[in-house]
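Hi,

Here is the structure I said I would pass on to you. Have a look at it first, and then read my notes below.

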Amino acid sequence: MKIQEADAKSLLLEQGLPVPAWEVVRSADDARAAAERAFAAGADLVVVKAQVLVGGRGKAGGVKVAADADAAEAAARAILALEIKGIPVRKLLVGPAADIVREYYLGAILDRVSRRIVVMASAEGGVEIEEVARVNPGAIHRLAAHPHLGLLDWQARELAFAIGLGGAHLRDFVRIATGLVATMLANDADLVEVNPLALVRETAADGTSVERLACLDAKITLDDSALFRHPGLEALRDLDEEDPADRQAREDGINFIKLDGSIGCMVNGAGLAMTTMDLVKRAGGEPANFLDIGGGARADKVAAAMRLILADPQVSAILVNIFGGITRGDEVARGLIEARAVQTRDVPMVVRIVGTNAAEAAALLEANHFATAASLDDAAAQAVAAARSAAAAADGPGAGR
Ligand code: GDP
Ligand code: MN
């Protein structure tokens, strides 16, 4: 689960990391009021930032600095009118702008290969790290945190030296880098990224200035499977940006991932679902989704899965592949019958049900005129053929293709 920058910053603050103040607003008027408060608190400039769950907001015009309340309001209006990578901007972060001396990158990820939390740092901050990795991979320095003790101070110091931070900033960097790993562990995050981690200049009223490190951006993704351990974090889910199909699937307790093909797949078990997708591909088709209804699914869950599949307009054929263990084949068949009775769109469907109560399932399906398949290869071939003829029919005779 991705969370918004402002929420990610809250989690960094909880671990004592230096984050500039901010407010989240939903209108240009509220942005103006927030900017006025920031100016009253002593800011020379304010920053207005789109809150959307995608990177590259700066490049897309979603981050603007303003020198007075009028400019802040105008910036807010402009950003609220944007769509960034297809996502309409609904919320803004407003706060005092930092006077940036230099931008660094600092991130921690769960590395599944080494089974460690890996901390990455680079002196090439601000730009997208994927770009740095492509153009100048040597500029990214990596270190695996200790599996039990987290990132150790000496490790953090090594990273600091590697990106040219020393002297007065060493202690701050160590605090921030170890805090990043602490944030990850405290929240079961699989990514915590600060880009830019910036060296900012703070100028006092008497004109003297100091430089210190601050987290100007924050990106965190949380491990969905660990959310149950953090009931408070569920509230950070941004329903505005969640795909309606993803939300429906989550509410129905179905593992669903939308893909780009035309063959909707309904399967029980993640391994069988992967196999089914492979066989659809081998038969020359493209799966429209990964869908695992889970073990012991009952008729209502089958009907819910069917609604999810049919909600995708790209689906032109459906392949149902059930291996009855705890799941009972006749229950699934009943669910399919129920679902077809109310479905709004007629899509060809091929059903393969083996295992527990397969005979009862077969009798129900036959009585209700479902197309069935004896083997998985056969099922995949039938589904691909059905999708092809649906595509040909859509093109129509003489469509010139
Ligand atoms: P992203 O583009 O989605 O990663 O958004 P960021 O929060 O990283 O902002 C993009 C860029 O805007 C940063 O790399 C900075 O150069 C600039 N920026 C962000 N916050 C500030 C700020 O407080 N002051 C100034 N001067 N620039 C900022
Ligand atoms: Mn950034």
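**Helix pairs**

Let's start with helix α2 (residues 28-40) and helix α3 (residues 69-80), which pack at an angle of about 140° with their axes 8 Å apart. A word on the terms: helices (H or I, at least four residues) and strands (E, at least two) are DSSP runs, numbered from the N terminus. Axes are lines fitted to C-alpha atoms, for helices over the stretch in contact, and angles run from 0 to 180 degrees between N-to-C directions.

Bear in mind that this is a predicted model, so local features need pLDDT of at least 70 and side-chain atom pairs count only at pLDDT 80 or more, while totals for chains, interfaces and linings use all residues. Residues are numbered from 1 along each chain as its sequence is written, chains are lettered from A and ligands numbered from 1 in the order in which they are written, and side-chain values use heavy atoms, with hydrogens and water left out.

Back to the pair: α2 and α3 are therefore oblique to each other. Here angles under 35 degrees count as roughly parallel, over 145 as roughly antiparallel, 65 to 115 as roughly perpendicular and the rest as oblique. The crossing of α2 and α3 is right-handed; that is the word if the near helix is turned clockwise from the far one by less than a right angle, and left-handed if anticlockwise. On the α2 side, the residues that meet α3 are Ala28, Asp29, Ala31, Arg32, Ala35, Glu36 and Phe39. They face Ala69, Asp70, Ala72, Glu73, Ala76, Arg77 and Leu80 in α3. Contact means heavy atoms within 4.5 Å. By class, the contact of α2 with α3 has eight nonpolar, no polar and six charged residues. For these classes, Ala, Val, Leu, Ile, Met, Phe, Trp, Tyr, Cys and Pro count as nonpolar, Asp, Glu, Lys and Arg as charged, and the others, Gly among them, as polar.

Next come helix α8 (residues 270-282) and helix α12 (residues 376-395), at about 55° and with axes 9 Å apart. α8 and α12 are therefore oblique to each other, and their crossing is right-handed. Thr275, Leu279, Val280 and Arg282 of α8 make the contact with Leu376, Asp377, Ala380 and Val384 of α12. Five of the residues in the contact of α8 with α12 are nonpolar, one is polar and two are charged.

Helix α7 (residues 244-252) and helix α9 (residues 299-310) pack at about 175°, with axes 10 Å apart. That makes α7 roughly antiparallel to α9. Ala245, Gln248, Ala249 and Asp252 of α7 touch Lys301, Ala304 and Leu308 of α9.

**A sheet and a helix on it**

Now look for an open sheet of four strands, in the order β2-β7-β3-β4, with antiparallel pairing. Two strands pair if DSSP finds at least two bridges between them. β2 (23-25) and β4 (63-66) stand at the edges with a single partner strand each, so one side of each has no neighbour in the sheet. Strands β3 (residues 46-50) and β7 (residues 92-96) are joined by five bridges, and Ala50 has Leu92 as its bridge partner in β7. Helix α1 (residues 5-14) packs on the sheet, touching β2, β3 and β7, and its direction makes about 50° with that of β7.

**A salt bridge**

Which residue does Arg57 meet in a salt bridge? The partner is Glu5, at 2.7 Å, N to O. Arg57 lies in the loop between β3 and β4 and Glu5 in helix α1, so the pair ties together parts that are 52 residues apart in sequence. The whole structure has 28 salt bridges (a side-chain nitrogen of Lys or Arg within 4 Å of a carboxyl oxygen of Asp or Glu).

Most residues other than glycine have a negative phi, and most peptide bonds are trans. Asp188 is not a glycine but has a positive phi of about 55°. A cis peptide bond joins Asn195 and Pro196, with omega about 15°.

Cheers
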